[in-house]
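Hi everyone, thanks for coming. I'd like to walk you through one model today, going from the whole chains down to single residues. Please have a look at it first.

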Amino acid sequence: MLNRLSNFLYRRPRVLLALLILPPLIWFVVVYLGALAAMLLNSFYSLNGFTGQVVHQFTLNTYAKLLQPTNLQIFWRTTTMAISVTLACILIAFPLSYYMARFAPPRLKTFMYLAVTLPLWSSYVVRVYSWQLLLAQEGVVSWLFHLIHIDGLLDAYLQLPVVGGTSLSVSSTGIFLVFVYIWLPYMILPIQTALERVPKSLVEASGDLGAKPAQTFWNVILPLALPGVVAGSIFTFSLTLGDFIVPSLFGNSSFFIGKAVLTYQGTSGNIPLAAAFTMGPIVIMIVYLLIARKLGAFDAL
Amino acid sequence: MTDAAIRFENVTRHFADVKAVDGVTLEIRDAEFFSMLGPSGSGKTTCLRMIAGFDRPSAGHIYLYGQDVSDLPPYERPVNTVFQDYALFPHMNVEENIAYGLMIKKVAKADRVKRAQEMLELVRLPGYGPRRPTQLSGGQRQRVALARALINHPRVLLLDEPLGALDLKLRQQMQVELKNIQKQVGITFVFVTHDQEEALTMSDRIGVFSGGKVEQVGSPAEVYEHPATPFVAGFVGTSNLIEGEMARRITGSPSRFSIRPEKIHIVERNAPIDESSFGADGRVRDVIYLGLYTRYLVELDGGGDLVVVEQNLKSTSMDVLRAKGRQVRLKWLKEHVRYVGARDAEPPV
């Protein structure tokens, strides 16, 4: 019986393929695309301010509300934060990944892999909370600054507009530091993988053809690592755009997109506005990917 | 010595505690086609990489046209390389790949395009400029790699087993073509290979490498007909190496000698051996019919095997296969015997 089934499937590889792909495909279409469609649909409904009921009627009112200055400010704040976090992650991750891919001896590489992924094994919330201890007014960081007698430097920094605050933990710098810390592994791994796939002979060929190390970096290594950088930045960028825990625990109480969605949906039941808010990051990501493609990030794929 | 293109002076290269190259002294002449021939791990590729500048000698010096380049980075050497895996840039098209060296030198775009076109003509790939390397066959990639290296007008072109990945027909075709291109551009080619036939076909001179040392340097005919060491005798072409008691019984002296399989003739058991020849009796143990010729493995009566090759000028496969098991006499001219020195290096099996 089993034999006959095997033979049947062997003769009809398309049937086998269909059987294999169908379950995950259904899951994907229903759960992922379905949820996205439901959200898109909801963003075109509106909330009756008087009854608190969602009005199931097509309207652009919710989007009009979304484009109010306070909400645009939230988008702007979140996006600049996501961009800064992404850039910082790239700057830290690239040299590290380059070392891992090119120079680290096998055992050290394994150790570094472990060290990079180890934080992902423990709870995200615990790790975020522990940063409170580091960044608080009487926390480890200010203690360290005090220890080496440069607390004046920290104070002066906290006086600055935008990035400053009464302490590091309530400044946007605090949010920035925690974001960079928690998303860094998501940047290191794809860049490292991309660099790993650049054959050493390409680097040698570039040098052989007269390129100095810096020219080789710009003309060969970076373009070939770009898909990895883009993949990593999709992670850091979208994770930052959507996160609500870090902005709740750090910084002054100004809204970020994730926090806004949480408030509108959870607290005030305004699902249409929350849905419309979520469309923001999606649009931003699409624009980002289009730019990346224009820059040739996917040429070598 | 001033006209030497490349000079190795007592060059040694260690990797950890392994001596990849061990005291090599070598001279490559200007405008010659020089092959570095040897089995893998013999140090030939490391020598090539030291000329290119990818590796630096642990000791000794390398001179390029009289200039000591031992510590010069690759991008400051008038040398270009064709890599074993071609190393074409996957994010650039063929034309951009070829013009890469010019782009680095900031040559104007129009000039770059024009010269890349000329190179494509030279390697017989006109019109392939806009293609991606992935859209090319192995042989085409090979030509692009060649064009990319030659466009910079290097004084020396290094080729690291560039034909290894090609099929036999294409390889033979490229051998002829490479040789023609070398004559056309008139620069020094240094060609690394483990294929002795390839080296014999193309080279003006061959350096035979083994265990990090140079065993012999000479023209193809010299290396083939007068192998300086047992290793060279065994590695370049097939060779029968006879020594000790067996050698004494055949030649009257125990000194080691080599005899090429194609120089040996199979005759009847009772055929006379005249003054000018040596002879030995044996039994045909194996016959391998190879179309153009037949290879016989003959077990000598006193022990030991000899490989004999005979062209199938008149015989058919039926004829030659019947020889298996037959008692035969082997004879060869004394002048074809090479007495090879008592160097310890053994030929690879």
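So, to begin: into which domains is chain B divided? The assignment gives domain 1, residues 4–235, and domain 2, residues 262–333. Their C-alpha centres lie 40 Å apart. Please keep in mind throughout that this is a predicted model.

Chain A is also divided into domains: domain 1 covers 8–37 and domain 2 covers 44–294. Here the C-alpha centres are 34 Å apart.

Let's stay with chain A for its overall build. In secondary structure, chain A has 14 helices and two strands. Along the principal axes, its C-alpha atoms fill a box of roughly 65 × 60 × 40 Å. As for burial, 33% of the 301 residues in chain A are buried. And if we take contacts in chain A between residues at least 6 apart in sequence, 69% of them join residues at least 24 apart.

Is α9(A) mostly covered or mostly uncovered? Mostly covered, with 20 of its 25 residues buried.

A:L158 lies in helix α8, residues 151–159. A:L158 has 18 C-beta neighbours inside 10 Å, so it counts as partly exposed. Which residues does A:L158 contact, leaving aside its neighbours within four places in sequence? The answer is A:G164, A:G165 and A:S171. For a sense of distance, A:L158 and A:Y288 are 130 residues apart in sequence and 32 Å apart in space, C-alpha to C-alpha.

Next, the place where the two chains meet. How many residues does each chain bring to the contact? Chain A gives 17 residues and chain B gives 19 residues. On the side of chain A that touches chain B, the elements giving two or more residues are α10 (200–208) and α11 (213–242) of chain A. The largest share of that side, six residues, comes from α10(A). Sorted by class, this side of chain A has nine nonpolar, four polar and four charged residues.

Finally, back to chain B for two backbone details. Take B:A31, in the loop between β2 (18–29) and β3 (33–37) of chain B. Its phi is near 65°, a positive value in a residue other than glycine. Then there is B:Y86, in the loop between β6 (79–82) and α2 (94–98) of chain B. The phi of B:Y86 is near 70°, again positive in a residue other than glycine.

B:Y86 counts as buried, because it has 23 C-beta neighbours inside 10 Å.

That's my tour. I'm happy to go back to any part of it with you.

Notes: Residues numbered from 1 in each chain as written. Chains lettered and ligands numbered in written order. Predicted model: local features only at pLDDT ≥ 70, side-chain atom pairs only at ≥ 80, totals over all residues. Buried ≥ 20, exposed ≤ 12 C-beta atoms within 10 Å, placed from the backbone. Helix = DSSP H or I, 4+ residues; strand = E, 2+ residues; numbered from the N terminus. Contact = placed C-beta atoms within 7 Å. Nonpolar A, V, L, I, M, F, W, Y, C, P; charged D, E, K, R; others polar. Domains from an automatic or database assignment.
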